[in-house]
Amino acid sequence: MKLTVWTYEGPPHVGAMRVATGMKGLHYVLHAPQGDTYADLLFTMIERRDHRPPVSYTTFQARDLGSDTATLFKTACQDAYDRFKPQAIIVGASCTAELIQDDPGGLAATMGLPVPVIPLELPSYQRKENFGADETFFQIVRHLAQPQERTAQITANLLGATGLGFRHRDDIEEVTALLHDLGIGVNVIAPLNATPADIARLPAAHFNVLMYPETGEAAARWLERSHGQPFTKIVPIGVGATRDFIEEVRGLTGVTAKADESRLRLPWYSSSVDSTYLTGKRVFIFGDATHVKAAARIARDEMGFEVAGLGCYNREFARDIRALAKEYGVEPLISDDYLEVERAIEIAQPEMILGTQMERHIGKRLGIPCAVISAPVHVQDFPARYSPQMGWEGANVLFDTLVHPLVMGLEEHLLHMFREDFEFHDDAGPSHHGGKAAPRAPVAEAEVGVTAQEAPDQVRGEAGIHVVWLPAAEKELKKIPFFVRGKARKNTETFASERGVAEISVETLYEAKAHYAR
């Protein structure tokens with residue numbers, strides 16, 4: 001554990017809270033100090049849920065540490081049952097409470113509550129949020145699932161969707177439609193919207209669809225071992241992956257029906273003449289492993305992009321991402337340090353980033369457009385509209401997600417080209433706000449003759465030489481589209497430094513362009 005301004009994942013108890021919040025009839029008693037109740041905001045503010053998470057906190061304070069905190073926990077546990085009457089209870093400790101070693105599971109087991117009480121052992125200082133969600137769901141399934149006769153119709157369970165999940169609500173609807181096209185029903189969706197009674201019925205399905213390996217793989221593997229249920233390995237994000245998923249399901253079940261592709265638009269759009277400007281665009285991909293693997297395939301094989309770099313923050317999937325990076329001919333980045341990710345993006349100089357909310361901020365600082373394709377995300381990525389990532393409609397949504405930042409980029413480039421126009425200059429303000437445009441600030445004549453010694457924009461090139469951009473060269477640089485301007489600047493500075501050129505003029509800029517175009 002380390003102190004950081006941003007983090008890709010919270011502690012494991014937040015993962016447990018995602019499972020509990022997604023389910024119904026389940027309550028989570030969390031042994032935690034007063035300050036750890038912040039997690040409620042993740043669901044009510046960011047996910048915009050209309051109810052609080054089903055979590056009761058002991059909320060002990062510093063003065064309680066000298067007395068009996070175990071009694072506080074038992075009181076909170078009894079109060080939670082009396083008030084909410086859940087079908088099952090999960091108990092655990094936050095990262096802070098773990099240090100006092102009160103053993104919530106052992107304490108709850110001595111209380112004789114009339115519902116199943118499931119203890120969680122989540123190592124807060126070694127693992128993180130996705131592990132917490134995966135382990136919590138696994139423990140719930142292990143304690144509650146009961147042997148069942150298989151359903152008369154071929155059915156599947158959909159595993160892994162949780163509260164605060166990136167597009168989980170809509171992905172469920174899309175995968176359900178895919179299975180319906182194949183004549184396959186859905187037995188249970190879990191943990192999202194499932195009750196403990198539903199968990200007991202999981203073994204009745206013929207197979208499991210593992211939608212999100214980060215939060216459902218441990219449960220899927222246990223159901224395979226204990227109840228003979230195979231599970232799917234392909235996540236249907238993108239056109240190719242969705243078709244492969246359908247073939248995998250056919251292989252598991254023996255069904256021969258075909259899925260309806262009439263809603264699919266991505267292949268035609270991405271091969272149309274309007275999309276040819278996308279071909280060869282260099283993209284850097286970062287996020288959770290499942291969405292990174294899917295985005296890389298879509299970017300290269302379905303959009304015509306070039307993958308300039310990729311990585312993930314969840315180390316449990318590092319092996320998969322390293323193998324993928326080898327296939328794409330790039331260096332893998334396995335890190336949960338956003339500053340390390342920012343450095344890698346800055347070095348790669350991509351024309352677009354496919355990432356998380358973190359990379360959206362990084363893109364703003366570096367002047368690179370970013371499309372969000374993975375958690376962690378903010379409120380704007382929990383849309384009220386239908387917006388899946390999986391299946392046919394998910395492919396359409398992803399096409400828009402990947403294309404729109406570049407389309408907007410071209411529009412911004414046009415604004416830069418006409419920046420001297422009375423309507424579009426820097427001080428005019430957004431035209432859609434109406435009102436009178438702000439006056440254009442005059443340019444002092446003396447600025448035209450700024451010398452290298454007076455110029456403020458000095459940089460040290462790679463060869464150690466201080467180089468300075470002359471005003472005319474800076475002005476010419478601004479004519480280059482903003483999404484490749486950073487790369488052009490860096491290449492020009494390297495070119496000048498290697499040749500001992502201290503002042504970058506317009507001529508130097510074009511000499512560097514010709515050099516790197518060879």
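Visitor: Before anything else, what does buried mean here?
Guide: Buried means under 20% relative accessible area. The model is a predicted one.

Visitor: OK. Phenylalanine 286 and tyrosine 313, buried or exposed?
Guide: Both phenylalanine 286 and tyrosine 313 are buried. For phenylalanine 286 the relative accessibility is 0%.

Visitor: How far apart are the ring centres of those two, and what is the angle of the planes?
Guide: The centres of phenylalanine 286 and tyrosine 313 are 6.5 Å apart and the planes are at 50°, so the pair is tilted. Phenylalanine 286 belongs to strand E8, and tyrosine 313 to the loop between E9 and H12, so the pair ties together parts 27 residues apart in sequence.

Visitor: Which residues form the aromatic cluster?
Guide: Tyr8, Phe286 and Tyr313 form one cluster. Tyrosine 8 counts as buried because its relative accessibility, 4%, falls under 20%.

Visitor: Where does asparagine 314 sit?
Guide: In the loop between strand E9 (306-312) and helix H12 (318-328). Asparagine 314 has a relative accessible area of 1%, so it is buried.

Visitor: What does its side chain make a polar contact with?
Guide: The side chain of asparagine 314 has a polar contact with the glutamate 214 side chain, at 3.2 Å. The asparagine 314 side chain also reaches the backbone nitrogen of alanine 289 at 3.3 Å. Beyond neighbours within four places in sequence, the contacts of asparagine 314 include Glu9, Asn130 and Asp288.

Visitor: New topic: which ring does the charged end of arginine 127 sit over?
Guide: That of phenylalanine 131, 4.1 Å from its centre. Arginine 300 lies over the face of tyrosine 328, at 4.1 Å from the ring centre.

Terms used. Residues numbered from 1 in each chain as written. Predicted model: local features only at pLDDT ≥ 70, side-chain atom pairs only at ≥ 80, totals over all residues. Heavy atoms only, no water. Helix = DSSP H or I, 4+ residues; strand = E, 2+ residues; numbered from the N terminus. Buried < 20%, exposed > 50% of the residue type's maximum accessible area, 1.4 Å probe, protein only. Polar contact = N/O pair within 3.5 Å; in protein donor to acceptor, adjacent residues only side chain to side chain. Contact = heavy atoms within 4.5 Å. Phe/Tyr/Trp six-rings, centres within 6.5 Å; stacked < 30°, edge-to-face > 60°. Lys NZ or Arg CZ within 6 Å of the ring centre and 35° of its normal.
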